[in-house]
Amino acid sequence: MSINRIAIRTNKGSYIGGEKIYGTVYLWICSTDPCRGVKLKFRGYEKCEWEFREIQQDVETQLPVEKIGTKNSRRDMFRAELRLIEYPDGIPMGCYAYPFHYTLQQGLPGSFEGEGNQANGDKWKAKIVYKVIAEVDRPGSGEVLEASQVITVNENLPLTSVEPEVFTDRRTVKICCCIPKGDVLLNAWLDKKVYTSGETASLHIDVKNNSNVDIDSFIVKLFRVVNLKPQEKDLSSSVSSQDSRATVMTRSPCVVESMKEKSLDGCQGKQLRNMEVPLELWKESSREEFQPSTSGQIIKSTYHVDVEIAIRWAVPISAQLPITLRSPPSQSWNEWEPPPWVYNCRVIKITGPCSVPEHLLGSKLFVNIPGIQADPF
């Protein structure tokens with residue numbers, strides 16, 4: 001087992017598509033292993049898997065049987081590998097720090113990781129992952145010396161998707177289906193359309209009851225909708241039967257989950273009811289934040305808030321408000337503890353597409369990267 005050490009640190013834990021990642025690879029060479037250089041790898045991919053059931057006719061008995069299968073799909077959004085630095089005669093013993101930068105692609109979907117059950121109980125799981133990997137080139141060695149860091153990516157939303165919007169609906173109360181007895185008007189809006197998961201959303205409800213019927217209560221629900229869609233090359237499926245003569249085709253799932261529900265008192269007579277409803281964007285049982293919204297090619301996760309009012313002698317009134325959730329600050333990035341030896345590293349200037357201009361090392365871009373600002377070239 002190698003006694004050499006490697007670590008990696010980026011300047012922050014969350015990014016958006018098109019943004020530059022700044023970071024440093026730390027390397028401690030304390031043996032004579034054949035180490036020739038340092039490589040950087042950048043990965044971004046989405047993948048999903050789900051179960052399905054199909055009733056098929058058994059070839060031997062001709063009887064219908066239920067078969068359980070799985071479908072999966074994966075898409076690489078990018079895979080980049082860059083040589084950070086190379087030592088033809090081997091890396092000499094010592095501690096080194098190699099600052100780098102890399103520009104993310106535009107329009108990346110947000111990070112995501114979730115699992116659950118479909119309506120019939122079949123399981124599903126999906127994730128969108130981004131990571132940066134530092135690896136030492138060790139020709140002829142069966143071991144890999146590497147360090148990786150997962151980074152969080154949030155989608156870059158247009159301003160029109162951020163501005164709050166008022167949703168309105170109206171119903172006329174009619175006795176015997178024809179005698180009008182007044183209207184009920186609902187206005188509903190969120191104080192903003194984009195929240196960070198773990199925050200408390202603020203829903204505003206304005207109900208004006210101009211009818212002669214009482215509204216006892218209304219219900220507020222928060223839903224998540226997860227769509228899984230395979231790529232064309234992944235249309236084949238695997239079933240728990242060894243019969244190769246059976247062909248199974250199944251739709252990809254659309255999972256609708258109720259995340260929150262609140263029942264609130266209504267309004268009587270011609271009373272105007274204005275209220276603000278808090279919606280906690282986390283699981284009450286575990287305090288775990290909800291997974292963020294994302295719009296990948298094979299994984300799409302969206303949220304909406306529904307306001308529903310049941311009215312006697314009228315069609316129920318409702319409003320559906322889309323809401324976007326962004327990732328909270330990366331917990332793993334915040335909790336990272338640098339090993340003590342990184343403060344003894346000598347900063348090495350690299351060349352090539354990942355190089356960092358010297359003047360940036362003393363800027364706020366590297367303030368969260370240990371051992372850099374205190375030790376210029």
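How many cavities of 30 Å³ or more does a search of the whole structure find? Two. Before the details, the ground rules. This is a predicted model, with local features taken at pLDDT of at least 70, side-chain atom pairs counted only at pLDDT 80 or more, and totals for chains, interfaces and linings using all residues. Residues are numbered from 1 along each chain as its sequence is written, and side-chain values use heavy atoms, with hydrogens and water left out.

Back to the voids. The search runs on a 1 Å grid over the protein atoms alone; a cavity is a set of points where a 1.4 Å probe fits but cannot get out, and a pocket is an open set with protein on both sides within 12 Å along at least five of seven lines. Lining residues have an atom within 4 Å of a point. Grid points are joined across faces, edges and corners, and a volume is the space filled by probe spheres set on the points.

The largest cavity holds about 40 Å³. Its lining is Pro 164, Glu 165, Phe 167, Leu 190, Lys 193, Leu 321 and Pro 322. The largest pocket holds about 580 Å³. It is lined by 22 residues, and Ser 111, Glu 113, Thr 152, Gln 291 and Ser 327 are the closest to its centre. Strand E7 (112-117), E8, E9 and helix H1 (331-334) each give two or more residues to that lining. E8 gives the most, with four residues. Helices (H or I, at least four residues) and strands (E, at least two) are DSSP runs, numbered from the N terminus.

Take Thr 152 from that list. Thr 152 lies in strand E9. Buried or exposed? Thr 152 is buried, at 13% relative accessible area. Buried means under 20%, exposed over 50%, partly exposed in between, with a 1.4 Å probe and protein chains only. Beyond its neighbours within four places in sequence, Thr 152 is in contact with Gly 13, Ser 14, Tyr 15, Ser 111, Ser 327 and Ser 330. Contact means heavy atoms within 4.5 Å. Thr 152 is also 42 residues from Gly 110 in sequence, with 7.6 Å between their C-alpha atoms.

Now the whole chain. There are one helix and 21 strands. Of the 377 residues, 47% are buried. Take the contacts with a separation of 6 or more: 74% of them join residues 24 or more positions apart.

Next, the nonpolar cores. A nonpolar core is a set of buried Ala, Val, Leu, Ile, Met, Phe, Trp, Tyr and Cys residues joined through side-chain atoms within 4.5 Å. The largest one has 46 residues. Val 25, Leu 27, Leu 40, Leu 84, Tyr 98 and Phe 100 have the most contacts inside it. E8 supplies the largest share of this core, seven residues. Where does the core lie? Domain 1 (5-46 + 78-156 + 345-366) and domain 2 (166-230 + 252-326) both contribute residues, so the core lies between them. Those bounds come from an automatic or database domain assignment. Apart from this core lies another, of 32 residues, including Val 207, Ile 215, Ile 317 and Ile 323.

Last stop, the loop between strand E17 (272-280) and strand E18 (294-295). Arg 287 is found there. Arg 287 has a positive phi of about 65 degrees, although it is not a glycine. At 55% relative accessibility, Arg 287 counts as exposed. Ser 293 lies in the loop between E17 and E18 as well. Ser 293, at 13% relative accessibility, counts as buried.

Leu 325 is buried, at 1% relative accessible area. Leu 325 and Glu 155 sit 170 residues apart in sequence and 10.0 Å apart in space, C-alpha to C-alpha. Among the contacts of Leu 325 are Tyr 195, Phe 290, Gln 291 and Ser 293. Gln 291 was also on the list of residues closest to the centre of the largest pocket.
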